[in-house]
Amino acid sequence: AGRSGSLQTGDRILSVNGKNTESLAHDDVVQLLKNAEEIVNLEIEYDAPINGPPPDEGVITKTVLICLKKEGSTFGFTISGGAQKGRPLTVSYVRPGTVAYRSGTMKAGDRLLKLNGMALKHATHSEVVLLLKNAKRKISLELEYD
């Protein structure tokens, strides 16, 4: 998670592979993580402004437009965040071997700005998941990354 850039110091782990961790002691959460398989699904919470860091912090962001063709029922990536959480919609995982992975462009931590030309700044997680599920064959995504 640290290598993906999607987990930072101060983030709160709410669940590990679907198991709620809010009432667990720190050592119990560490044990859950140690016992997990190679791929771990984390639900995290953190405090961050929806528009990202202030411009005076010297962060340079770039955008890229990619087109993906659906394979079966998936594009091969998962997202987190959304307007309801006060966080940008972010790529949380790119599954190896999928069209998103083979594109070589999409990475965990990328922020979703637009889907098929539609701005996503005020979209909720569930709205975007539904749009992706209902997409026919191809989508275009505008992504932002640091």
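In strand 2, Asn-20 is the bridge partner of Ser-15. This is a predicted model. Strand 1 covers residues 12-16. Strands 1 and 2 pair in the antiparallel sense, over two bridges.

## The sheet and its helix

The model has three salt bridges. One of them joins Arg-102 to Glu-71, with the closest N and O atoms 2.2 Å apart. Arg-102 sits in helix 2 (residues 99-103), and Glu-71 sits in the loop between strand 4 (62-69) and strand 5 (77-82), so the pair ties together parts that are 31 residues apart in sequence. Glu-71 is partly exposed, at 36% relative accessibility.

## A network around Arg-111

Salt bridges link Arg-111, Glu-144 and Asp-146 in a network. Glu-144 meets Arg-111 at 2.9 Å, N to O. Glu-144 is in strand 9 (residues 138-145) and Arg-111 is in strand 7 (residues 111-115), 33 residues apart.

Asp-146 also forms a salt bridge with Arg-111, and here the closest N and O atoms are 2.8 Å apart. Asp-146 lies in the segment after strand 9, 35 residues from Arg-111.

Which of these side chains are buried or exposed? Arg-111 is buried, with a relative accessible area of 16%. Glu-144 is buried too, at 18%. Asp-146 is exposed, at 59% relative accessibility.

Conventions
Residues numbered from 1 in each chain as written. Predicted model: local features only at pLDDT ≥ 70, side-chain atom pairs only at ≥ 80, totals over all residues. Heavy atoms only, no water. Pairing = 2+ DSSP bridges. Helix = DSSP H or I, 4+ residues; strand = E, 2+ residues; numbered from the N terminus. Salt bridge = Lys/Arg side-chain N within 4 Å of Asp/Glu carboxyl O. Buried < 20%, exposed > 50% of the residue type's maximum accessible area, 1.4 Å probe, protein only.
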